[in-house]
Amino acid sequence: SWPEKPTYWEQLASVYMMLDDEWRALATLKLAFSQDILEKESSIKSLLQLSVNRGIPEHGARLLESAFSNELIEENEDFLKLLAMALVAAKERDKAIDAYERVAAVSESGEYWVSIANIYVEKAEWKSAEAALLKGLNGKLTLDSPGKAWLLLGVSQSEQKKFKSAKKSFKKAVAFKKTESSATRWLKYSEDMERQADWIAQNQ
């Protein structure tokens, strides 16, 4: 007879995951699910959390992708968000952008586009960051997020020398308490960059 303790199955699956064998980890979970020993969603979430905590988030991300392709779990907002976060932790930036785009497609929240923009900012891909932020600002954002989004938008526009647009974005970011001082500094810096660009243009 199969051991009926859920911890046994989770530990066994986690050992396979540590060994970089997500196929066996998934097979172990499937067996436990079929015996009604483990609860699908919470087990996969805890294994994913474990992989991030142990510093092997890429293993957890692969396990989750396998669970999707085997139709073991639904590709819903909750799991896609976990996948994106695991990929960010694994520094798999392009895959993380793809996962966030998948979750943004099934959600009304603009937060995922802001997360995408953060990755583009890290990559210094300002045009893509700007496009993602504009989509994010069109969605639903939590209380402090619009200020951060306007600030990042201003930075992305400044870096593309779109100084007039940047000025408008920074002025909107100033209206939020958490981004007021950063936006004020960036506004001044952007104006200095604009003057410098004008001077160079006139003296060439």
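Is Met17 buried or exposed? With a relative accessibility of 0%, Met17 counts as buried. The legends below describe close-up views of a predicted model.

View 1. Met17 belongs to helix α1, which spans residues 6-18. Apart from neighbours within four places in sequence, Met17 is in contact with Ala25, Leu47, Ser51, Ile56, His59, Gly60 and Leu63. One of these residues, His59, is 42 residues away from Met17 along the chain, and the C-alpha atoms of the two are separated by 6.3 Å.

**View 2. Packing of helix α3 against helix α4.** Helix α3 (residues 40-53) and helix α4 (residues 57-69) pack at an angle of about 155°, and their axes are 7 Å apart. The two helices are therefore roughly antiparallel to each other, since angles over 145 degrees are placed in that class. Their crossing is left-handed. On the α3 side the contact is formed by Ile44, Leu47, Leu48, Ser51 and Val52, and on the α4 side by Pro57, Gly60, Ala61, Leu63, Leu64 and Ala67. Sorted by class, the residues of this contact comprise nine nonpolar, two polar and no charged ones.

**View 3. Packing of helix α3 against helix α5.** The axes of α3 and helix α5 (residues 77-89) come within 10 Å and cross at roughly 10°. This angle makes α3 roughly parallel to α5. The crossing of α3 with α5 is left-handed. From α3, the residues in contact are Glu41, Ile44, Lys45, Leu48 and Val52; from α5, they are Asp78, Phe79, Leu82, Leu83, Ala86 and Ala89. Eight of the residues in this contact are nonpolar, none is polar and three are charged.

**View 4. The largest nonpolar core, with Leu64.** The largest nonpolar core has 50 residues, and Ile44 and Leu64 are those with the most contacts inside it. Helix α7 (residues 111-122) gives the most to this core, contributing seven residues. In soluble globular proteins, nonpolar side chains tend to be buried together. Not counting residues up to four places away in sequence, Leu64 touches Ile44, Leu48, Ile73, Phe79, Leu82 and Leu83.

View 5. Glu194 is placed in helix α11 (residues 180-202).

**View 6. Loop residues Asp20 and Glu71, each with a positive phi.** Most residues other than glycine have a negative phi. Asp20, although not a glycine, has a positive phi of about 65°. Asp20 is found in the loop between α1 and α2 (22-34) and counts as partly exposed at 42% relative accessibility. Glu71, likewise not a glycine, has a positive phi of about 55°. Glu71 lies in the loop between α4 and α5 and is exposed, with a relative accessible area of 71%.

Terms used. Residues numbered from 1 in each chain as written. Predicted model: local features only at pLDDT ≥ 70, side-chain atom pairs only at ≥ 80, totals over all residues. Heavy atoms only, no water. Axes fitted to C-alpha atoms, helices over the stretch in contact; angles between N-to-C directions. Helix = DSSP H or I, 4+ residues; strand = E, 2+ residues; numbered from the N terminus. Parallel < 35°, antiparallel > 145°, perpendicular 65-115°, else oblique. Left-handed = near helix turned anticlockwise from the far one by under 90°. Contact = heavy atoms within 4.5 Å. Nonpolar A, V, L, I, M, F, W, Y, C, P; charged D, E, K, R; others polar. Core = buried A, V, L, I, M, F, W, Y, C linked by side-chain atoms within 4.5 Å. Buried < 20%, exposed > 50% of the residue type's maximum accessible area, 1.4 Å probe, protein only.
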